[in-house]
Amino acid sequence: MAGVPGLLFLLLLLFCALGQGSPYSAHWKPTWPTYRLPVVLPQSTLNLAKPDFGAEAKLEVSSSCGPQCHKGTPLPTYEEVKQYLSYETLYANGSRTETQVGIYVLSSGRGESSGKSRRKRQIYGYDSRFSIFGKDFLLNYPFSTSVKLSTGCTGTLVAEKHVLTAAHCIHDGKTYVKGTQKLRVGFLKPKFKDGGRRANDSSSAVPEKMKFQWIRVKRTHVPKGWIKGNANDIGMDYDYALLELKKPHKRKFMKIGVSPPSKQLPGGRIHFSGYDNDRPGNLVYRFCDVKDETYDLLYQQCDAQPGASGSGVYVRMWKRQQQKWERKIIGIFSGHQWVDMNGSPQDFNVAVRITPLKYAQICYWIKGNYLDCREG
């Protein structure tokens, strides 16, 4: 019976992750803040030559520019921000366009509300990741919102036909990665040997076999901030992309939200689930504290491996208007950084925060109407 306490702990974690209970008292609830959101609208679109799809897929991104480095970068000008938020659209037939944007009611600037190459590691001490087994968990929200990209990364369902992921999963900053023209998104489904439904055996100690069902991608959007930055200091701030599927996925999805300051997050923690490549076929859930933040990035030490890149980072907070608890995606897991912290080397895993401007852009990509994007 030595393993029982660990099993009970795992079940308790899953119980909380599925939202059946709340650790907060009735007298205080971490509440989603309200923001005055800007508007990001297309201004002009021009056709580009078809890409060659020659890049090798990278399942992680690294940078030596840490929190202090990012906080010390000069504020971008209005014209620079417009360039960063302009975007490329790639269609399934290989055609490509570039769209310039305009920004209206622009909020205040980026203020806060080069290291030696080392062997990268993304596990911190004891491996605190949990593989999620059985259809009773995998097919239930929020785990059911995690999907796998055919390029090897993870994505998150954010609308009826849309998946949010990391830009580096489909574009290396110079060109699109191999396989992007025929990009597919995989959904875990139960695997039945006889082709029919089996009796409910969720109480069995043997995990139920699962398989991926794939849906083709109709088009992708990648911000020019990633393409122009090419994963350098500014590029990592824009390591996100939106995929539009060819047909609805018919699953419950998780809405995007503006990332609150880390001190406002419940317990100062974030959560995400992904398809880490050291556990093939398994969906892996983890949570951890945020260690530092800049306007565009969250620094944390959630255990993760390549393959988890593109996972939606989420929190669960109280929605005052609807008087209910609600999870929202507040960032996208990007990759690993090994940085110099006051003369001492330290490594972090990094997530791209959904800022008000990024929210306005991604929401417009999804809905096509800025009037539907006024609440973050």
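Trainee: Which cysteine forms a disulfide with Cys 288?
Mentor: Cys 302 does, with the sulfur atoms 2.1 Å apart. Keep in mind that this is a predicted model.

Trainee: Is Cys 302 buried or exposed?
Mentor: Buried, because its relative accessible area is 1% and the cut-off is under 20%. Cys 288 has 11%, so it counts as buried too.

Trainee: How many disulfides does the structure hold?
Mentor: Three. Another one joins Cys 153 to Cys 169, with an S to S distance of 2.2 Å. Cys 153 lies in the loop between strand 6 and strand 7. Cys 169 lies in the loop between strand 8 and strand 9. That pair is 16 residues apart, and both cysteines are buried.

Trainee: What about the torsion there, for Cys 153 and Cys 169?
Mentor: About -90° around the S-S bond, so this disulfide is left-handed.

Trainee: Which residues make up the remaining pair?
Mentor: Cys 363 and Cys 373, with sulfur atoms 2.1 Å apart. The S-S torsion is about -90°, so that link is left-handed. Cys 363 belongs to helix 6, and Cys 373 to the segment after helix 6. They are ten residues apart. Cys 363 and Cys 373 are both buried.

Trainee: Back to strand 13. How does it connect to strand 14?
Mentor: Through three bridges, with the strands antiparallel. They form a hairpin, and three residues lie between them.

Trainee: What does its side chain make a polar contact with?
Mentor: The side chain of Lys 71, at 3.2 Å. Asp 292 also touches Pro 67 and Gln 68, plus Leu 298 and Tyr 299. That list leaves out residues up to four places away in sequence.

Trainee: Which residues of strand 14 are buried, and on which side?
Mentor: Leu 297 and Tyr 299 on one side, Leu 298 and Gln 300 on the other. Both faces of the strand are covered. In a regular strand, side chains alternate between the two faces of the sheet.

Trainee: Changing topic. Which residues touch the most other members of the largest nonpolar core?
Mentor: Leu 85, Leu 164 and Ile 256, in a core of 63 residues. Helix 6 gives the largest share of this core, seven residues. Apart from it lies another core of 16 residues, including Ile 270, Met 317, Ile 330 and Phe 333.

Trainee: What does Leu 164 touch?
Mentor: Quite a list. Among them are Val 158, Leu 242, Ile 256, Ile 329 and Ile 362. Gly 155 and Gly 310 are on the list as well.

Trainee: Now Lys 189. Where is it found?
Mentor: In strand 9. Lys 189 is partly exposed, with a relative accessible area of 30%.

Trainee: How far is Lys 189 from Met 210 in space?
Mentor: 5.4 Å, C-alpha to C-alpha, although they are 21 residues apart in sequence. Lys 189 is in contact with Met 210, and also with Lys 209, Lys 211, Gln 213 and Arg 251. Neighbours within four places in sequence are left aside there.

Trainee: Last bit, the whole chain. How many helices and strands?
Mentor: Six helices and 17 strands. The chain has 376 residues, and 52% count as buried.

Trainee: And what does the accessible surface come to?
Mentor: About 17,400 Å², with 51% of it belonging to carbon and sulfur atoms.

Key: Residues are numbered from 1 along each chain as its sequence is written. This is a predicted model: local features need pLDDT of at least 70, side-chain atom pairs count only at pLDDT 80 or more; totals for chains, interfaces and linings use all residues. Side-chain values use heavy atoms; hydrogens and water are left out. A polar contact is a pair of N or O atoms within 3.5 Å; within protein, one must be able to donate a hydrogen and the other to accept it, and residues adjacent in sequence count only if both atoms are side-chain atoms. Contact means heavy atoms within 4.5 Å. Buried means under 20% relative accessible area, exposed over 50%, partly exposed in between (1.4 Å probe, protein chains only). Helices (H or I, at least four residues) and strands (E, at least two) are DSSP runs, numbered from the N terminus. Two strands pair if DSSP finds at least two bridges between them. A nonpolar core is a set of buried Ala, Val, Leu, Ile, Met, Phe, Trp, Tyr and Cys residues joined through side-chain atoms within 4.5 Å. Accessible areas come from the Shrake-Rupley method with a 1.4 Å probe; for residues, only the protein chains shown count as cover. A disulfide is a pair of cysteine sulfur atoms within 2.5 Å.
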